[in-house]
Amino acid sequence: MSAAGAGVTPAVVDSPAASRGPLAMEAISLCKDFRLGRGSVLSAVKDVSFNLYRSAVVALVGESGSGKSTVAKLLAGQERLTSGTIRLDGHEVDVKGRHAFRRYKSEVQYVFQDPFSSLNPVHTVRYHLTRPVRLHQPHKTAAELDRELVRVIEQVRLTPAQQFLAKYPHELSGGQRQRVAVARALAAGPSVLLADEPVSMLDVSIRLELLNVLDTLRKDFQLALLYITHDIASARYFADEVLVMYAGSVVERGPAEELTQAPAHPYTQLLVSSSPDPDDLGSMLRHGGKGSTRQVGESAAMLQGCRFHPRCPFAEERCRRESPPLLAVSPSRAAACWRLDVTAPAVVARAREGGEGETTS
Amino acid sequence: MTATSDMQTTTAAAPTGDRATSGGGEPVLEIKDFSVVYRTGGGDVHAVEKVDLALHPGEVVGLAGESGSGKSTLAYGACRLLRPPALITGGSVVYRGRRLSGPVEILGRHPEELRELRWREIAIVFQSAMNALNPVLRVRDQLLDVVEAHLDLSKDEAAERIASLLDLVSIPRARLKSYPHELSGGMRQRVMIAMALATDPEVVIMDEPTTALDVVVQRDILAQIVELKDELGFAVLFITHDLSLLLELANRVAVMYAGRLVETGTSDEMHHEAAHPYTKGLLNSFPSLRGPRRDLAGIPGSPPDLRGLPPGCPFLTRCAYGAEACSRVDMRLSPVSSSPDPAHVTACPFVLPATPEKTLASPSEPPAGAR
Ligand SMILES: Nc1ncnc2c1ncn2[C@@H]1O[C@H](COP(=O)(O)OP(=O)(O)OP(=O)(O)O)[C@@H](O)[C@H]1O
Ligand SMILES: Nc1ncnc2c1ncn2[C@@H]1O[C@H](COP(=O)(O)OP(=O)(O)O)[C@@H](O)[C@H]1O
Ligand code: SF4
Ligand code: SF4
Ligand SMILES: [Mg+2]
Ligand SMILES: [Mg+2]
C-alpha cells in the first residue's frame, strides 16, 4: 500500500468509528474566520473534515482556544460557516429552511462547555427539562410527562429525582448543573450529541459515571457522539477515533488507543507527555521541573508554514515556509507534519510493514 | 477551645516546624471550627461542618473533594461572600496580612470593611469564572478597572501591568480589545486568573480555575503562579476535584467529603500514604494515559444528602471497609497512627495507609490496625 509513510498521498482515512454504525453526520472542509478588527482575520477553524457515525464516539481534543467549540457551534448551526459543508443523514444542512432547521436542531443537540451560563437562573430544573421533553413527545399527559422527567433526570443519576426537579440552578453545585445540561440535551431525543467538555467541570468519580452514562446512551439510542475535551486520557477510554486540533486545524487523527499510545505529531506528543501519570504523580510543579512550554496560542493561527513550528523541537526550514497537510500514516491514521519519519519513526515503520503484509491491529 | 483546633495549632505554634509542610510562622488565613448551612424549605443543608484549615504565607494548600462536598461554600463563606439562604453558624476566620497592623477577624467585620480587604488582600477566582466577566466590557477595560481601583499607578504603568498579566496567562496582547464572548472558555478562565493576581494580593483563592484548560496550558500557567508566589510570597488556596493536579501543585492537601475535612497531609503523604478510604478512592479513579488500559474503580454510589446526615461517618454508605462501628465515629481528625507527622490527620479511625485495598470488615469488628 502506498499510504504508509510520510509521503505526499493526501489523507484518505478509514475512520475507526465507521465500524460501529451507519454514517450520521459529515463535516466537510469546515472553515470559520472571525474578524478581529483593524482588518485582521483569525481563521479559528481551518479545513476541518470528519464523520460522525451512529453508536460511535469521535473525540476532538486540543489546546484551549484551538477551535473545538467553534467546530461544535458550526455543527449545531450556532455559528455561520465561512465555507464548507455539513450533511446530516446524507442531506446537506440548509440553515435557511426554517422548518427543516428546527428538526435539525432537535436531531443535533449541543451540550455547552459552561453549565453556569446555559441554565436560566430564574427557572427550576423541571422547567428546563419540560420544554425539550414536550417538543420531543408532544402528546403527554401530566403523569406521563412527570414520569418522563424523572426518567431523564435519573439517567444522569440525579436522585432523588423529584427533589432535583424542584431545584433552581443556584441550588446546584457546578457538577450537578452540568448533569442537568446533559439531561436537557438527551430529553430532545437527538441522534447526534455534540458534547462540549461535558465532564471537565466534574470531579473524577462523577466524570467516570457520566461518561459511563453517555456510553450507555450511545448504545441504547445509537447516538453519534462528538466528545470535545482537553483531557486526552478520557478520550482514550471513551472514544473510537480521536482528532487532535491545534490552532484551528486537525493535526492528527486516528484510533483512540493507537494515537494516545504512539502519538505521531509533535503537538500530540507534547500533550501526551504533559498528562499526569497516576503511577508517577511527580512534583514537577512544586520543584520547578520542566521548562515552560510557553504557548503561542492563537497567534499561531496567523503564522506562515506549520502553525506549530515556534514550539516544535523538530522544526526545520521547510516547516517555516509550507503548511503540512494531513498525511496518511496508515489507512486509519494521519498527521499534519513534514517530518513524521523523524518525529514518529516507529509509527511510520509499523505502518510500512502493515501496508505490505497484514494491517496492524 | 476544642480538641480539634488544639491539634491543628500544633503546627502553627511551632515556628521551627517543617517549612515544606507548614510554611512556618503564623498562618495568614486561619479557619477554625467553621460551619455553614443553607436554610432551605426542605431543611438545613449542612454544607460545611466544623472545618479547620490554615494557610501559611508562601504555601499552596489544595482542597479536594467531589462535587457538592462544600469546597466552594467553605472558601466563599470564609470570605463572607455567601448570600442568603447561606448562614454561617459558627467558627472563626482570622486574617493576618503583612500590610495590616494586626489580625482581622473576618467574621466580625462589617461588610463595607471587607470589600477592600477582599480585592487588595484576598483575591478570589470564582468557579463560574468563565462568565463572571462583564459581557459588555472589553477585557482591557475590566482589567483596568480593577488595577485602577486598587493600585496607585499612572496610566502607562497600569497599561503595562495588565499587558504583562495577560502574558502571564498566555493570552496575546491583541486580545485586550476582545469582549468576553469572543474568547474561548479557557481564555476567559485565564483572564479571571490574571484579574485575581492584578492587585498583588496576600492570599489567592482559586476555585476550579483551570477546569477548561488542557494540561499543557494548565501546567504552564500553574508553573508561573508558583514562580510568582515564590517571588511575592502570597499564599494560595487551590480548590479542585482533580487530586492528581494537587499532588503536583500543593504543599499540603485537605480532602473534603460531605461538608467535613476527612484527611489532611502533605502532598507526598496523600499520594503515597493516603489513610482515608475516600482519599484512596479518589486516587484510584482517574483514567491514565500511559500503560495498559485498566478498569477504573471510581467511587461507587453518590454523596449523601446533607440535610439529615445520620450520626457517624458520612462515607459509610460508599465505603468498602464500612462496618457497624462506623456509625459511631465522631469525625474528629486525629493523627494517622502509623505516620511520623502529627499533622497528617484522618477522620477514619479504622483504616490506615497500609490497610489492604477493599478489605471488607466483618460487621462488628473494625479492621486490624484500628487505633
Ligand atoms: N443556595 C443554596 N441553597 C441550597 N443548597 C445549596 C445552595 N448552594 C449550594 N448548596 C448545596 O450545598 C452543597 C455544597 O455546594 P458547593 O457548591 O459548595 O459544592 P462544591 O464542592 O463546590 O461542588 P462543585 O465542585 O460541584 O462546585 C451541595 O449539596 C449543594 O447542592
Ligand atoms: N465570536 C468570536 N469572535 C472572535 N473570535 C472568536 C469568537 N469565538 C471564538 N473566537 C476565537 O476562536 C478561537 C477558537 O475558540 P474556541 O472554539 O472557543 O476554542 P476552544 O478550543 O477552547 O473551545 C479562539 O481564538 C477564540 O478566541
Ligand atoms: S511540520 Fe515541522 S514544525 Fe510542524 S510539527 Fe512537523 S516537524 Fe514540527
Ligand atoms: S471505615 Fe468506617 S469510618 Fe472509615 S471511612 Fe469507612 S465508613 Fe467511614
Ligand atoms: Mg471551548
Ligand atoms: Mg464548587
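Which chains do the residues that surround ligand 1 come from? Residues from chains A and B surround ligand 1, so the site is shared between chains.

This tour concerns a predicted model, in which local features need pLDDT of at least 70 and side-chain atom pairs count only at pLDDT 80 or more, while totals for chains, interfaces and linings use all residues. Residues are numbered from 1 along each chain as its sequence is written, chains are lettered from A and ligands numbered from 1 in the order in which they are written, and side-chain values use heavy atoms, without hydrogens and water.

Select ligand 1 first. Of the 20 residues around ligand 1 (a heavy atom within 4 Å), those that come nearest are Ser67(B), Gly68(B), Ser72(B), Thr73(B) and Gln127(B). Next, select Gly68(B): one of its backbone N or O atoms lies 2.7 Å from an oxygen atom of ligand 1. For Gly70(B), a backbone N or O atom is 3.1 Å from an oxygen atom of ligand 1.

Proceed to helices H7 (residues 185–197) and H8 (residues 215–232) of chain B, which pack at an angle of about 5 degrees with their axes 12 Å apart; helices are DSSP runs of H or I, at least four residues, numbered from the N terminus, and axes are lines fitted to C-alpha atoms over the stretch in contact, with angles from 0 to 180 degrees between N-to-C directions. H7(B) and H8(B) are therefore roughly parallel to each other (angles under 35 degrees).

Finally, colour chain B by pLDDT, the predictor's confidence in each residue, from 0 to 100. Chain B averages 82, and 86% of the residues score at least 70.

Key: Helix = DSSP H or I, 4+ residues; strand = E, 2+ residues; numbered from the N terminus. Parallel < 35°, antiparallel > 145°, perpendicular 65-115°, else oblique. Polar contact = N/O pair within 3.5 Å; in protein donor to acceptor, adjacent residues only side chain to side chain.
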